[in-house]
Amino acid sequence: MKNKNIIILAIETSCDDTCVALIKGGEKKKLKIKVLSNLISSQVKIHQKYGGVYPFLAKREHQKNLPLLFEKAKKEAESASRRSKIDLIAVTVGPGLEPCLWVGVNFAKGLAKKLKLPIIPINHIESHIFASLLMPTGSNSKFDCCFKPGFKHLNNMFPIVCLVVSGGHTQLILMREFGKYKILGETRDDAAGECFDKIARMLGLGYPGGPAIEIEASKKVKGLKFKVTLPRPMIHQKNYDFSFSGLKTAALYNYKKQKPNVKKSIDYIRAMSAETQQAIIDVLIYKTIKAAKDHKVKTIILGGGVAANDELRKQFKYKLKTLNHKVKFLVPSKIFCTDNALMVAITAYYHWVLGIKKDWKKITVNANLRIENEI
């Protein structure tokens, strides 16, 4: 490539958010980026009445929104940079909802064929990890960000344990160098985000459940005192796996044994929300700290939608201060925790820096793609 920098178009349609971003990446030695556009079309209001995401409904919305977002992103890029001609396309290929993933992949393939451009397939989990390397700058943080200082020197931060926790994923991943991943543990049933959603639905708090439970958990119980006690599944087992299905079931049994007036009371809802949130936080932190100690890591990265939870972030930082050795803690700004195309773009930029090339004709969707496949 003759240009010292590269323009990357990124597409993310793994679930219910249609996302498009355009970035200008600096030459390989400087590792600087400029965000030309970062757009998200959320479907939360559409799926709220169902209490969760309906894949084929989400697919339809992606098909409608993706071309519109692409055109808007191009216009923003043209006004933000003298050169906005796309050099490379990045697209999420998995894991995620298969009908949704295909919308993004087919759009990327069609564009790549038309413009004769290379495509880099991106693992959704890896992009959540790379989101921790972004920091907002300027007044409009949604559209302006840069790599956190020290990106060029991250080699001294290895090994790294990454906790990716969202509605569909709860995984602990060991990262010994860029592009080399090993899954240490993962959920055997429900992900943490799923557990939040299902308990929130039971309490009548709506969707998405995580933010709704966080709000109720932050409020004090002013009236009757309810003592809600829930289990911390698998917390003391000698592995790094998770299980949140039992927590959901325990919450349901507790709910069913309450009197009708208690179930609907603000005090009970707040008590149940607080205990649910704390149970999940306790397990996530304990397992991550155990993995960090066992593998003598220098850094912990937290990513995924649940990483936006204030209490989780606060308790993680407090716990790390009590350790005998110093461990760096990287967590994305909240705007980069949920799905976005910017994290896809910077992951592709890293691939480009390493000289990874892909044939767009062979790129396909893998709804169950594992990050260990990246090794």
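Leu-22 is in contact (heavy atoms within 4.5 Å) with Ile-7, Ile-8, Leu-9, Lys-34, Val-35, Leu-36, Ser-37, Ala-73, Lys-74, Ala-77 and Ile-86, leaving aside neighbours within four places in sequence. The model is predicted: local features need pLDDT of at least 70, side-chain atom pairs count only at pLDDT 80 or more, and totals for chains, interfaces and linings use all residues. Residues are numbered from 1 along each chain as its sequence is written, and side-chain values use heavy atoms, with hydrogens and water left out.

**Leu-22**
- Leu-22 lies in strand β2 (residues 17–25); strands (E, at least two residues) and helices (H or I, at least four) are DSSP runs, numbered from the N terminus.
- Leu-22 is buried, with a relative accessible area of 1%; buried means under 20% relative accessible area, exposed over 50%, and partly exposed in between (1.4 Å probe, protein chains only).
- Between the C-alpha atoms of Leu-22 and Glu-76 there are 8.9 Å, although the two residues are 54 residues apart along the chain.

**Nonpolar cores**
- A nonpolar core is a set of buried Ala, Val, Leu, Ile, Met, Phe, Trp, Tyr and Cys residues joined through side-chain atoms within 4.5 Å.
- The largest nonpolar core has 51 residues, of which Phe-244, Met-272, Ile-300 and Leu-302 touch the most other members.
- At least two residues of this core come from each of β8 (160–165), β9 (170–177), α5, α7 (245–256), α9 (266–294), β11 (299–303) and α10.
- Helix α9 supplies the largest share of this core, 12 residues.
- Another core, of 43 residues, lies apart from it and includes Val-35, Leu-88, Phe-178 and Val-344.
- Beyond four places in sequence, the residues that Phe-244 touches include Thr-170, Cys-195, Ile-280, Val-283 and Leu-284.

**Asp-190**
- Asp-190 lies in the loop between β10 (180–186) and α5 (192–202), and is buried with a relative accessible area of 9%.
- The side chains of Asp-190 and Lys-248 are joined by a polar contact of 3.4 Å. A polar contact is a pair of N or O atoms within 3.5 Å; within protein, one must be able to donate a hydrogen and the other to accept it, and residues adjacent in sequence count only if both atoms are side-chain atoms.

**Aromatic pairs**
- Rings of Phe, Tyr and Trp (its six-membered ring) pair if their centres lie within 6.5 Å; planes under 30 degrees apart count as stacked, over 60 as edge-to-face and the rest as tilted.
- The count by this rule is 10 aromatic pairs.
- Phe-70 and Phe-107 are edge-to-face, because their ring centres are 5.6 Å apart and their planes at 75 degrees.
- This pair links Phe-70 in helix α2 (residues 55–80) with Phe-107 in helix α3 (residues 98–115), 37 residues apart.
- Phe-316 and Phe-329 are stacked, because their ring centres are 5.2 Å apart and their planes at 25 degrees.
- Here Phe-316 is in helix α10 (residues 310–321) and Phe-329 in strand β12 (residues 328–330), 13 residues apart; Phe-316 and Phe-329 are buried.
- One aromatic cluster is formed by Phe-130, Phe-158, Phe-178 and Tyr-350.

**Helix α11**
- Of the 14 residues in α11, 12 are buried, including Met-343, Tyr-350 and Trp-352.
- Asn-340 caps the N-terminal end of α11, with a side-chain oxygen 3.2 Å from the backbone nitrogen of Leu-342.
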